[in-house]
Amino acid sequence: MPELPEVEALRDFLVENLVGHEVVRILPVAISVLKTYDPPVIAFEGRQVTGVRRHGKFLDIEADDGELHLVTHLARAGWLHWRDRLPDGPPRPGGKSPLALRVALETGEGFDLTEAGTQKRLAVYVVRNPSDVPGIARLGPDPLAGDFDVTRFAGLLAGERRQIKGALRDQSLIAGIGNAYSDEILHTARMSPFKLASSLKPEETRHLYGALRTTLTEAVERARGLAAGRLKAEKKSGLRVHGRTGEPCPVCGDTIREVSFSDSSLQYCPTCQTGGKPLDDRRMSRLLK
């Protein structure tokens, strides 16, 4: 799933390649991708792109100085593919193509939104105000914002009785962090993903805050300036524990372990994060009974 660093890099890329151009056609191939109908998606046609913003994991393409917004959330398996030259003729709906929506510019350039797999969660909204998108309206603060300091972070965690992994992923608490970067932040902080957020001591909170800012800032810098098509590979290569079950930890050499859930998994290093003790993998525990 694209998270804050990848979406920020996509924003940078689109600012450079999209702003100042006119949208001449928007072609929804998978109608299910459209989550709003008033204004209609064709209302964006004939308008000039004047800005691109990021709200958490949402991309917001602004037209005519904010008069209209084309907002997308790439969900787990969605992606944006830039085309220096779009194919001639309209795309064919149906079939096994992952293409969900195409945006064409007056130059012949444009981009496709695609989604792999069978769980269709890619979402596109056309709204007059980004806050009209429910997912944006409920977002917590951006963790890379200038006013997101350690005091504010501590205030968000105060009273949180969830495990810290779940708290970091909660978009209404902090915007933009998903499964991968929460693993990376906790590894950098040398903290168990199962630790209760409310149990953090002030020094632990400060340490976790520093790990959060460092991890996200470094990931954004690695992705900055890359073409959209290279961002996925860059994300994967930069991850130290997430998605690396069975590999040696780059810090201590211990074997990276995994805890599996119904629709996701987390990765961690026992030596760095849990005092050498493996966490209970509930899925494996059930299989062994």
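Biologist: How many cavities of 30 Å³ or more does a search of the whole structure find?

Modeller: This is a predicted model, where local features need pLDDT of at least 70, side-chain atom pairs count only at pLDDT 80 or more, and totals for chains, interfaces and linings use all residues. Residues are numbered from 1 along each chain as its sequence is written, and side-chain values use heavy atoms, with hydrogens and water left out. A cavity here is a set of points, on a 1 Å grid over the protein atoms alone, where a 1.4 Å probe fits but cannot get out. With that cut-off of 30 Å³, the search gives three cavities.

Biologist: Which elements give two or more residues to the lining of the largest cavity?

Modeller: Lining residues have an atom within 4 Å of a point, and among them here are Pro5, Tyr181, Ala219, Arg222 and Leu231. Helices are DSSP runs (H or I, at least four residues), numbered from the N terminus. The elements asked for are helix 1 (4-17), helix 6 (202-223) and helix 7 (231-238).

Biologist: At what angle do helix 1 and helix 6 pack?

Modeller: Leu4, Pro5, Glu8 and Ala9 of helix 1 meet Leu216, Ala219, Val220 and Ala223 of helix 6 (contact: heavy atoms within 4.5 Å). Axes are lines fitted to C-alpha atoms over the stretch in contact, and angles run from 0 to 180 degrees between N-to-C directions. The axes lie 9 Å apart, and the angle is about 40°.

Terms used: On a 1 Å grid over the protein atoms alone, a cavity is a set of points where a 1.4 Å probe fits but cannot get out, and a pocket is an open set with protein on both sides within 12 Å along at least five of seven lines; lining residues have an atom within 4 Å of a point. Grid points are joined across faces, edges and corners, and a volume is the space filled by probe spheres set on the points.
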